[in-house]
Amino acid sequence: MEFEDLLLRARQSDKEALLEIIELYRPLMIKYAIVDKKLDEDLYQELVYRLLVCIMKFPYTKE
């Protein structure tokens, strides 16, 4: 499935699509949530939350 289709499904609150996007970006979010060589769970959760907010707010329509 193309990312655009996944994004459109996620914007329609498709839980599977949202989880797929989170899994896609999980390694990057974990990388940035490591502080002093430890995973900061609160920071990771904030990154996931911000990703979801961005998905919903980003103005995108498939042409």
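Helix 3 has 17 residues, and 24 Å separate its first C-alpha from its last, close to the 24 Å expected at 1.5 Å a residue. (The expected span is 1.5 Å times one less than the number of residues in the helix; helices are DSSP runs of H or I with at least four residues, strands are runs of E with at least two, and both are numbered from the N terminus.) This is a predicted model, in which local features need pLDDT of at least 70 and side-chain atom pairs count only at pLDDT 80 or more, while totals for chains, interfaces and linings use all residues. Residues are numbered from 1 along each chain as its sequence is written, and side-chain values use heavy atoms, with hydrogens and water left out.

Which residues of helix 3 are buried? They are Tyr44, Val48, Leu51 and Ile55, where buried means under 20% relative accessible area, exposed over 50% and partly exposed in between, using a 1.4 Å probe and protein chains only. Seen down the axis of helix 3, these buried residues fall within an arc of 55 degrees, so they line one face of the helix; the arc is taken over the directions from the helix axis to the C-beta atoms. An α-helix has 3.6 residues a turn, so residues three or four places apart point the same way. On the face turned away from the buried side, helix 3 carries the exposed residues Asp42, Gln45 and Lys57.

The cover over the buried residues of helix 3 includes helix 1, helix 2 and strand 2 (38-39). At the start of helix 3, a side-chain oxygen of Asp40 comes to within 3.1 Å of the backbone nitrogen of Asp42.

## Two residues of helix 3

Tyr44 lies in helix 3 and counts as buried because its relative accessibility is 15%. Leaving aside neighbours within four places in sequence, Tyr44 is in contact (heavy atoms within 4.5 Å) with Ile22, Arg26, Met29, Ile30, Ala33 and Leu39. The C-alpha atoms of Tyr44 and Tyr32 are 7.9 Å apart, with the two residues twelve places apart along the chain.

Leu43 is also found in helix 3, but at 29% relative accessibility Leu43 counts as partly exposed. Not counting residues up to four places away in sequence, Leu43 touches Tyr32, Ala33 and Val35. Between the C-alpha atoms of Leu43 and Leu7, 36 residues apart along the chain, the separation is 23 Å.

Ala17, Leu18, Ile21, Ile22 and Met29 are buried in helix 2, and their cover includes helix 1 (3-11) and helix 3 (41-57). At the start of helix 2, a side-chain oxygen of Asp14 lies within 2.9 Å of the backbone nitrogen of Glu16.

In soluble globular proteins, nonpolar side chains tend to be buried together.

Ile22 is in contact with Met29, Tyr44, Val48, Leu51 and Leu52, leaving aside its neighbours within four places in sequence.

## Loops and the whole chain

Ser13, in the loop between helix 1 and helix 2, has a positive phi near 65 degrees, in a residue other than glycine. Lys37 sits in the loop between strand 1 (34-35) and strand 2; its phi is also positive, at about 65 degrees, although Lys37 is not a glycine. Lys37 counts as exposed because its relative accessibility is 82%.

The protein chain has three helices and two strands, following the pattern α-α-β-β-α along the sequence. Of its 63 residues, 22% count as buried.

Technical notes:
A polar contact is a pair of N or O atoms within 3.5 Å; within protein, one must be able to donate a hydrogen and the other to accept it, and residues adjacent in sequence count only if both atoms are side-chain atoms.
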